[in-house]
Amino acid sequence: MKRTLPPLWSPFLFFFIKKTRYAIISLGHRLSTMVLPFVLIGTGLALLFTLSTPDLIYAVSLVMLDSFDTDQPILSQTVGVDAIPGSISSSISGEDILGGERDLEVNISKGKTPGNRLGAGISAGVASFSYGSSVAGSVKITWDGPDGDAVTLDPVGLDGLDLTADGRQDAFLLSVELDDLPTTLEIQVYSDGENSSSYSLSLPGAIYSSTQYVIPFSAFTAELGEGASFGDVGAITLAVSADKPLDMMLSSFETYSTLTAIKTDNLLADNNEDGRANPGDSLQYTVSIANPADSFGAEATGLIFADIPDENTTLVAGSVTTSQGTITSGNGQGDTEVTVEIGSLADGDSVTIVFEAVVNDPLPEEVTEVANQGFVSADTLTNLPTDDPETDLADDATLTPVFLAALAPVEPVVTATKSDLLPAGSSDGQIAPGDVLTYTVVIAASDAEASGVVFTDTLDVNTTLVISSVATTQGEVTSGNEVGDMGVAVNVGDIADGDSVTIVFEAVISDPLLEEVTELTNQGTVTGSNFAKTLTDDPDTDATNDPTVTQVVSP
């Protein structure tokens, strides 16, 4: 018994399907990570596979044949009401439609049970076809330009449209939301009335979630004359014929590239260490060309990568590397461009090409960025540009901001406090000769990293350093823990912005102590390579950068 579904022209169902479907690639947008059901079509073969996308699928130029966002009223032929065989058709105009007009035609060839019908319509972003029980016929969508004629095909109505997008696209991408029973979908491409190509797509049925079918242009066979040229297209038709109960929904029809190419940049040699590209600095470009994995296992052949660096940069000859293929230009003396003959790229494989370029010095004052874009050619693509994955733009060059002047380094703010601690066992809170004082020094950096930090401390003449008492949370104690050491020295190293280092050491108060001595004074010094000398500060007073003073009571 046939599964029962709500009427396919239900506005609610149209809306629900459209809102919950996946979109694969759209101009100027990225796709979040997800697992998409895909079908790749090859000559005489259609295989369902699952493509696990990377974190992002980068935007590429495409030709949108139809997003089905322009509604078209339901057309239907009903057994017992309409003449059989019979036909009904309509045309609709819309900005999202290739050529500005879509023709829809419903043809019923037979039907036995009165009330059963064959219908089709477009609503809320979904094209829906429904065949009732015992009904046979076809539904056809035609894109042949704005001729206002839904019946007669104009094979040159699209006026020589380039479906390859100047060599950047080599396949169709058809999104199927629903197909409950096995059927065949026929796509025909016309260059004119004497030359066309077709492909019969066999759908397996039992499709209840968004499934994308990739159909390479190379899979089409000549139907008329020498076949269609996909760079010179006059009309396209998509037709479904069935003689059994069938429900189908389509959500988009567009072109697609079977290869991807992205390029990233990296500041390789920052001569003044300002974190920006300046004249004389070196840039490293990394190009990744991929043939996405699929169950069909299609190999990409004849791949060649070519790249001419920006005129305000100079290729570093000898810097070109590739994970596959032969470098034919870029590593020889005097080479000014990169060329790599990659060869064949197996299904699911990728190739990585890396090269360097130096920002010219001197650099014209008006230059604020350098642009780099390479191109991939193959047996099915002639002009696939690299894309910058850090933008939402399609097929855009990789841009690197450049600055004539070096950025002045940010000097860190370094603070250092030193506190004293009463000796253990001092019940009256008074410090006397022979007692042991514990000094705690905290050095902190803010605004920027403090580099090459060194702490030194010369003790009050009325105290003696306790050997082996010096400890630090970072760095190396270079004085204070060896016999004969008179002062403290710690090679702290770099202190990151927002971090601090604590140093602790002990000193014994002289005994006997001269009667006139009533206090002890101690102050350490902090130096570094990118900030001014800093003195320790007593946190128990309001004064700044003052030494730590300890009151002493003589017996």
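**Exercise 1.** How many bridges join strand β26 to β27, and which way do the two strands run?

*Solution.* Start with the basis. The model is predicted: local features need pLDDT of at least 70, side-chain atom pairs count only at pLDDT 80 or more, and totals for chains, interfaces and linings use all residues. Residues are numbered from 1 along each chain as its sequence is written, and side-chain values use heavy atoms, without hydrogens and water.
Next, the terms. Strands are DSSP runs of E, at least two residues, numbered from the N terminus. Two of them pair if DSSP finds at least two bridges between them.
Now the count. Two bridges join β26 (residues 374-377) to β27, and the strands run antiparallel. Phe-375 stands opposite Pro-385 in β27.

**Exercise 2.** Describe the open sheet of seven strands.

*Solution.* The order is β5-β6-β9-β15-β11-β12-β14, and pairing is antiparallel. β5 (86-93) and β14 (221-224) each have a single partner strand, so one side of each lacks a neighbour in the sheet.
Go inside the sheet. Seven bridges link β9 (residues 135-143) to β15 (residues 235-242), running antiparallel. Thr-142 stands opposite Thr-237 in β15.

**Exercise 3.** Which residues does Leu-250 touch, not counting those up to four places away in sequence?

*Solution.* Contact means heavy atoms within 4.5 Å. The partners of Leu-250 are Phe-68, Gly-125, Val-126, Ala-127, Phe-129, Leu-174, Ser-175, Val-176, Leu-185 and Leu-238.

Key: Helices (H or I, at least four residues) and strands (E, at least two) are DSSP runs, numbered from the N terminus.
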